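Have a look at the sequence and the 3D structure first. After that, we can walk through the fold together, piece by piece.

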Amino acid sequence: MGEKQRWIGHYSSSHKILLVGEGDFSFSACLARAFRSATKMVATTIESEDTLLKEHWSSEAHVDELQRRGCLVLHEVDVYDMDQHPTLMFVKFDIIVFNFPHAGHDYWLCERNNELIRRHRGLLEAFFRSASGMLGEGGEIHVSHRDDYPYDKWKLKELAKKAGLVLKEKVWFEKSDYPGYHQKRGGGIESNKTFPLKECYTFKFSLKHETSVLDSEEATSKLQRKLEELHLPQHKTLIRPNHIHVPESEGTKFTFGSFGAADFVSGPETDKSSHIVSFLFYQIFAYWHTVTAYIYFLH
Ligand SMILES: C[S@@+](CC[C@H](N)C(=O)[O-])C[C@H]1O[C@@H](n2cnc3c(N)ncnc32)[C@H](O)[C@@H]1O
């Protein structure tokens, strides 16, 4: 029998997860504890083992715990070229996580400084580019990030778009969902200190071509549910993304582009309520047809 699937936040023990830019590894250790066994996880930091211990003394216990639970811990993994890393280059992940990316501190640069913002954007752009090539089918990239000024100036969505990614969801980052996690400053100056989280979110990105299929499926299932709510006979319509199948016997009742009342009143069901239902159905159908045609032309 397979191992029981365990969840914490957005993450499950069955996901193949890559964590990059970990501070003291407290986030990955928290996931590993929740999963009990973390054999599908790879947790990484850009620092060497020695530097990490100097900058994040609290990392030692977390790294021990990760390794005890079967997580692969890697040092000196730079998001700029992680897709070329000998251990990672042939692996595809379900989720790649970068919590609170930051390009490093300079005493003379505050977070509002344009030069520093440019560096942060460079880091994220490189991360999105390399991470997007490491995603398996349906994979997601999660970036937790403050979205108040000046952090909103990084324009995550715009950077992700350059790597063919789209924002799938933006959800409030709730630190209390991750017991034992401490967000660390990193960046070489007072690295092991925490920083205020304020308005922070987890931005979930996925590859654009996959998302459009998902969106279409989602929209279709919504439409299908709406139709079910209208109590239409099940055998009449089966709707799939971008395809509308109508049984032969029903096919003669209408033509594409003409959805006038005359088209739907001439059927075997002649009572008033079924006409109203049919009218609603054809209105939804017409709307759906227009939307799909519109999307098609936009692409
Ligand atoms: C604000 S800290 C957040 C640390 C950790 N993710 C957390 O949530 O506690 C930013 C982290 O980004 C990492 N970082 C900066 N540049 C990086 C790069 N090129 N590749 C990988 N990590 C990087 C730093 O080492 C630092 O640990």
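Strand 6 and strand 7 run parallel, and 6 bridges join them. In this pairing, F93 stands opposite L135 in strand 7. Keep in mind as you look around that this is a predicted model.

Strand 6 has a parallel partner in strand 3 too, with 4 bridges between them. Here I17 has I95 in strand 6 as its bridge partner. Strand 6 is also mostly covered, as 6 of its 7 residues are buried.

Now pick out I96. Setting aside residues up to four places away in sequence, I96 touches L18, V20, A131, M134, L135 and I141. I96 also shows up when you look at the largest nonpolar core, which has 48 residues: L66, I96 and F128 are the ones with the most contacts inside this core. Which helix gives the largest share of this core? That would be helix 1, residues 26-35, with 6 residues.

So let's turn to helix 1. Helix 1 is mostly covered, with 8 of its 10 residues buried. The buried ones are S26, F27, S28, A29, C30, L31, A32 and F35. What covers them includes strand 1 (7-8), strand 2 (11-12), strand 3 (17-20), strand 4 (41-44), helix 3 (59-68) and strand 6. Just after helix 1 comes R36, which takes a positive phi of about 70°.

Next up is helix 4, which covers residues 114-132. Helix 4 has 19 residues and reaches 27 Å from its first C-alpha to its last, close to the 27 Å expected at 1.5 Å a residue. Which residues of helix 4 are buried? They are H120, L123, L124, F127, F128, S130, A131 and S132. You've met two of these names already: F128 is among the residues with the most contacts inside the largest nonpolar core, and A131 is touched by I96. The buried residues of helix 4 pack against strand 6 (93-99), strand 7 (135-146), helix 5 (156-162), strand 8 (165-172) and strand 9 (200-207).

L116 also belongs to helix 4. Is L116 buried or partly exposed? L116 counts as partly exposed because 19 other C-beta atoms lie within 10 Å, while being buried takes 20 or more. Leaving aside neighbours within four places in sequence, L116 is in contact with L109 and E111. From L116 to H102 you go 14 residues in sequence, and their C-alpha atoms are 9.5 Å apart in space.

A few backbone details in the loops deserve a look.

To locate P150, go to the loop between strand 7 and helix 5.

Then there is the ligand. How many residues surround it? The count is 20, and the closest are G21, G23, I46, N99 and G186. By class, the shell around the ligand has 9 nonpolar, 7 polar and 4 charged residues.

Finally, step back and take in the whole chain. The protein has 9 helices and 11 strands. Of its 299 residues, 28% are buried. Look also at contacts between residues at least 6 apart in sequence: 74% of these join residues at least 24 apart.

Notes. Residues numbered from 1 in each chain as written. Predicted model: local features only at pLDDT ≥ 70, side-chain atom pairs only at ≥ 80, totals over all residues. Near = placed C-beta within 6 Å. Nonpolar A, V, L, I, M, F, W, Y, C, P; charged D, E, K, R; others polar. Helix = DSSP H or I, 4+ residues; strand = E, 2+ residues; numbered from the N terminus. Expected span 1.5 Å × (residues − 1). Buried ≥ 20, exposed ≤ 12 C-beta atoms within 10 Å, placed from the backbone. Contact = placed C-beta atoms within 7 Å. Core = buried A, V, L, I, M, F, W, Y, C linked by C-beta atoms within 7 Å. Pairing = 2+ DSSP bridges.
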